[in-house]
Amino acid sequence: MQRLIFPPLKALTGSQGLRLLVPRAAPRAQCGCSCGIRCPLRPGQYSTISEVALQSGRGTMTLPSKAAERVVGRWLLVCSGTVAGAVILGGVTRLTESGLSMVDWHLIKEMKPPTSQEEWEAEFQRYQQFPEFKILNHDMTLAEFKFIWYMEYSHRMWGRLVGLAYILPAAYFWRKGWLSRSMKGRVLALCGLVCFQGLLGWYMVKSGLEEKPDSHDIPRVSQYRLAAHLGSALVLYCASLWTSLSLLLPQHKLPETRQLLRLRRFAHGTAGLVFLTALSGAFVAGLDAGLVYNSFPKMGESWIPEDLFTFSPILRNVFENPTMVQFDHRILGITSVTAITALYFLSRRIPLPKRTRVAAVSLLALAYTQAGLGISTLLMYVPTPLAATHQSGSLALLSSALWLMNELRRIPK
């Protein structure tokens with residue numbers, strides 16, 4: 001039987017000497033006709049041109065198989081878990097005041113910790129040249145320094161692990177052709193955000209290492225940079241988890257109703273409120289605002305403290321006055337719990353799948369648990385284990401809100 005040889009195709013190969021072969025045409029006798037038209041290729045039969053195009057990522061079939069989608073979904077689920085670990089470890093680093101112990105930033109060089117006594121003493125001497133040691137830790141011993149140094153070192157090394165967890169599998173899946181065109185854009189954005197996170201983390205640390213001659217306050221990082229660092233990490237976490245759930249969870253089969261549309265919008269607003277509450281916690285941590293008023297529900301002897309608007313202009317109080325920052329975090333937390341409660345009772349009035357109902361119940365339970373942890377942390381004067389648990393609870397609450405929102409989104413319009 002005859003083989004057909006195509007002329008050179010510069011658009012595909014860029015080479016004038018390459019000739020691409022296609023499978024042999026089916027005989028006319030097998031077609032059942034004498035018209036001379038060849039039969040189309042059978043399922044599973046591809047021309048060499050198609051194979052070259054698909055392998056080079058230029059084919060028209062951009063959607064990956066269901067199996068590939070599940071693999072990518074599980075990968076992003078693991079990635080979101082590594083981001084959650086980085087956020088939790090970063091919170092513990094902040095609570096133990098360890099973030100300023102490493103005064104340099106090198107991508108490769110600092111991966112090897114000090115091993116000898118001389119290296120530790122040299123590292124300790126570098127730390128002694130900065131404000132935190134001079135003002136706050138001037139009587140610190142080398143053993144105490146090692147503890148805070150290893151805390152910050154663990155956080156930075158975990159950040160590198162997060163970067164590898166995103167970038168290396170992304171390159172592999174891209175090469176294998178398991179990413180659709182839209183997924184490629186998302187993966188590029190996620191990997192770019194990971195790299196931005198590392199740079200933003202060092203930019204935040206630098207704000208705590210700067211000399212401030214006019215200030216006698218305890219050296220700390222800028223609460224604005226801390227909020228930006230946490231906020232970008234939360235965006236990375238939410239985007240990874242959302243994409244993972246969208247790939248792994250099967251679609252529901254329910255008709256669209258006006259009640260369902262209202263519930264979906266309410267869920268979106270509630271998730272945004274939870275995100276904003278978690279972000280406000282960065283200002284609380286950055287200003288040590290949890291140590292200002294350690295009572296609940298009142299702040300001291302009043303519902304509205306007198307020093308709520310001590311800074312001028314007034315807008316500065318929202319971000320720089322510890323009293324106002326704690327007050328705002330309280331209000332946002334109470335509003336979030338109220339919104340989640342209303343969302344739960346609204347969901348009870350609509351026939352929903354079992355998995356969606358479980359998501360709503362989980363969100364309600366986590367909201368009240370998180371509120372209890374926050375109040376306990378405040379009343380007990382912010383002990384590190386309880387405060388770290390409270391910070392971890394914000395991630396769990398945000399995850400549950402995303403799960404419910406994804407469940408409602410999966411119902412076709």
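Guide: A residue counts as buried when its relative accessible area is under 20%. The model above is predicted, and in it Asn317 has a relative accessible area of 0%, so Asn317 is buried.

Visitor: Where is Asn317 found, and which residues does Asn317 touch, leaving out those up to four places away in sequence?

Guide: Asn317 is found in helix α11, which covers residues 316-320. Not counting residues up to four places away in sequence, Asn317 touches Leu308, Phe309, Thr310 and Phe311 on one side of the sequence list, and Met324 and Val325 as well.

Visitor: How can I check the length of a helix, for instance why does the span of helix α10 agree with what it should be?

Guide: One compares an expected span with the distance between the end C-alpha atoms. Helix α10 (residues 258-286) has 29 residues, and because each is taken at 1.5 Å, the helix should span 42 Å; its end C-alpha atoms are 43 Å apart, which agrees. Just after α10, Asp288 takes a positive phi of about 55 degrees.

Visitor: Which residues does UniProt list for "transmembrane region"?

Guide: The unreviewed UniProt entry lists several spans under that name, including residues 71-92, 157-175 and 225-249. In the model, residues 157-175 are 100% helix and 0% strand, with end C-alpha atoms 27 Å apart. Over residues 225-249 the chain is 96% helix and 0% strand, and the end C-alpha atoms lie 36 Å apart.

Visitor: What share of the protein chain is buried, and which residues in the largest nonpolar core touch the most other members?

Guide: Buried residues make up 41% of the 413 residues in the protein chain. The largest nonpolar core has 81 residues, and Trp75, Tyr127, Phe145 and Tyr166 touch the most other members. Helix α9 (residues 223-248) gives this core its largest share, 12 residues. Apart from this core lies another, of five residues, among them Met299, Leu308, Met324 and Phe327.

Visitor: Is Pro114 buried or exposed, and where does Pro114 lie?

Guide: Pro114 lies in the loop between α4 (66-95) and α5 (117-127), and because its relative accessible area is 11%, Pro114 is buried. Leaving aside neighbours within four places in sequence, Pro114 is in contact with Glu119, Trp120, Glu123, Trp149 and Tyr150. Pro114 and Lys146 are 32 residues apart in sequence and 9.8 Å apart in space, C-alpha to C-alpha.

Visitor: How many disulfides does the structure hold?

Guide: A disulfide is a covalent bond between the sulfur atoms of two cysteines. The structure holds zero disulfides. Cys191, for example, is in no disulfide, and the nearest cysteine sulfur, that of Cys195, is 7.2 Å away, whereas a disulfide needs sulfur atoms within 2.5 Å. Cys191 is buried, with a relative accessible area of 13%, and Cys238, at 12% relative accessibility, also counts as buried.

Methods. Residues numbered from 1 in each chain as written. Predicted model: local features only at pLDDT ≥ 70, side-chain atom pairs only at ≥ 80, totals over all residues. Heavy atoms only, no water. Buried < 20%, exposed > 50% of the residue type's maximum accessible area, 1.4 Å probe, protein only. Helix = DSSP H or I, 4+ residues; strand = E, 2+ residues; numbered from the N terminus. Contact = heavy atoms within 4.5 Å. UniProt positions renumbered as here; feature names shortened; annotations may be inferred. Core = buried A, V, L, I, M, F, W, Y, C linked by side-chain atoms within 4.5 Å. Expected span 1.5 Å × (residues − 1).
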